Amino acid sequence: MKRSFYHYMMRFRGDLNEGPEKKLADWMFHEHSFPKQSATYDELSAYLEYHSPFPGALAAFDHLYDSYLEEER
């Protein structure tokens with residue numbers, strides 16, 4: 001079974017590096033309405049377009065989503 005993008009992102013929580021990966025993972029953890037069970041790009045990117053937590057979040061998401069797809073193959 002394929003894990004959700006949210007589950008993939010939780011590896012970045014608690015990271016000592018304060019990069020966009022950690023910021024996005026921490027925000028996703030606290031954002032109660034984030035689609036935590038989703039694995040689809042369209043649903044996730046649409047949510048982030050309307051609820052972008054910081055400048056550069058969408059660019060970070062695009063990069064991380066590509067990494068997620070590679071790892072889930």
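Visitor: Which residues of α3 and α4 meet?

Guide: The model is predicted. In it, Y41, L44, S45, L48 and E49 of α3 meet L58, F61, D62 and Y65 of α4. This contact is made up of six nonpolar residues, one polar and two charged.

Visitor: What makes α3 and α4 roughly antiparallel?

Guide: Helix α3 covers residues 41-51 and helix α4 residues 57-72, and their axes cross at roughly 165°. The label applies to angles over 145 degrees. The pair α3 and α4 is therefore roughly antiparallel. The two axes also come within 10 Å, and the crossing is right-handed.

Visitor: Why are α2 and α4 called roughly perpendicular?

Guide: The axes of α2 and α4 cross at roughly 95°. The range for this label is 65 to 115 degrees, so α2 and α4 count as roughly perpendicular. Their axes, too, come within 10 Å.

Visitor: Which residues of α2 and α4 meet?

Guide: From α2 there are P20, E21 and L24, and from α4 there are A57, A60, F61 and L64. By class, the contact of α2 with α4 has six nonpolar residues, no polar and one charged.

Visitor: Why does L24 count as buried?

Guide: L24 is a residue of helix α2. Buried means under 20% relative accessible area, and L24 has 0% relative accessibility, so L24 counts as buried. Setting aside residues up to four places away in sequence, L24 touches M9, L48, P53, F54, A57, F61 and L64.

Visitor: Why is K22, a lysine, counted as buried?

Guide: K22 sits in helix α2, which spans residues 20-30. The cut-off is under 20%; K22 has 12% relative accessibility and therefore counts as buried. Beyond its neighbours within four places in sequence, K22 is in contact with F12, G14, D15 and N17.

Visitor: And why is D26 called buried?

Guide: D26 belongs to helix α2 as well. Its relative accessibility is 18%, and because the limit is 20%, D26 counts as buried. D26 is in contact with R13 and G14, again leaving aside neighbours within four places in sequence.

Visitor: Which residues of α2 are buried, and what do they pack against?

Guide: The buried residues of α2 are K22, L24, A25, D26, W27 and M28. They pack against α1, α3 and α4.

Visitor: What makes a set of residues a nonpolar core?

Guide: The members must be buried residues of the nonpolar kinds, joined through side-chain atoms within 4.5 Å. The largest such core here has 19 residues. Within this core, F5, M9, L24, W27, M28, F34 and F61 touch the most other members. Two or more residues each come from α1 (5-9), α2, α3 and α4. The largest share, five residues, is given by α4. In soluble globular proteins, nonpolar side chains tend to be buried together.

Visitor: What does F5 touch?

Guide: Not counting residues up to four places away in sequence, F5 touches M28, S38, A39, L44, F61, L64, Y65 and Y68.

Visitor: How do you know that Y65 is buried?

Guide: Y65 lies in helix α4. With 6% relative accessibility against a limit of 20%, Y65 counts as buried. Apart from residues up to four places away in sequence, Y65 touches F5, A39, T40, Y41 and L44. Y65 and F54 are eleven residues apart in sequence, and their C-alpha atoms are 17 Å apart in space.

Visitor: Why is T40 called partly exposed?

Guide: T40 is in the loop between α2 and α3. Buried would need under 20% and exposed over 50%. T40 has a relative accessible area of 43%, so T40 is partly exposed. The C-alpha atoms of T40 and L58 are separated by 15 Å, and the two residues are 18 apart along the chain.

Definitions and conventions: Residues numbered from 1 in each chain as written. Predicted model: local features only at pLDDT ≥ 70, side-chain atom pairs only at ≥ 80, totals over all residues. Heavy atoms only, no water. Axes fitted to C-alpha atoms, helices over the stretch in contact; angles between N-to-C directions. Helix = DSSP H or I, 4+ residues; strand = E, 2+ residues; numbered from the N terminus. Parallel < 35°, antiparallel > 145°, perpendicular 65-115°, else oblique. Left-handed = near helix turned anticlockwise from the far one by under 90°. Contact = heavy atoms within 4.5 Å. Nonpolar A, V, L, I, M, F, W, Y, C, P; charged D, E, K, R; others polar. Buried < 20%, exposed > 50% of the residue type's maximum accessible area, 1.4 Å probe, protein only.
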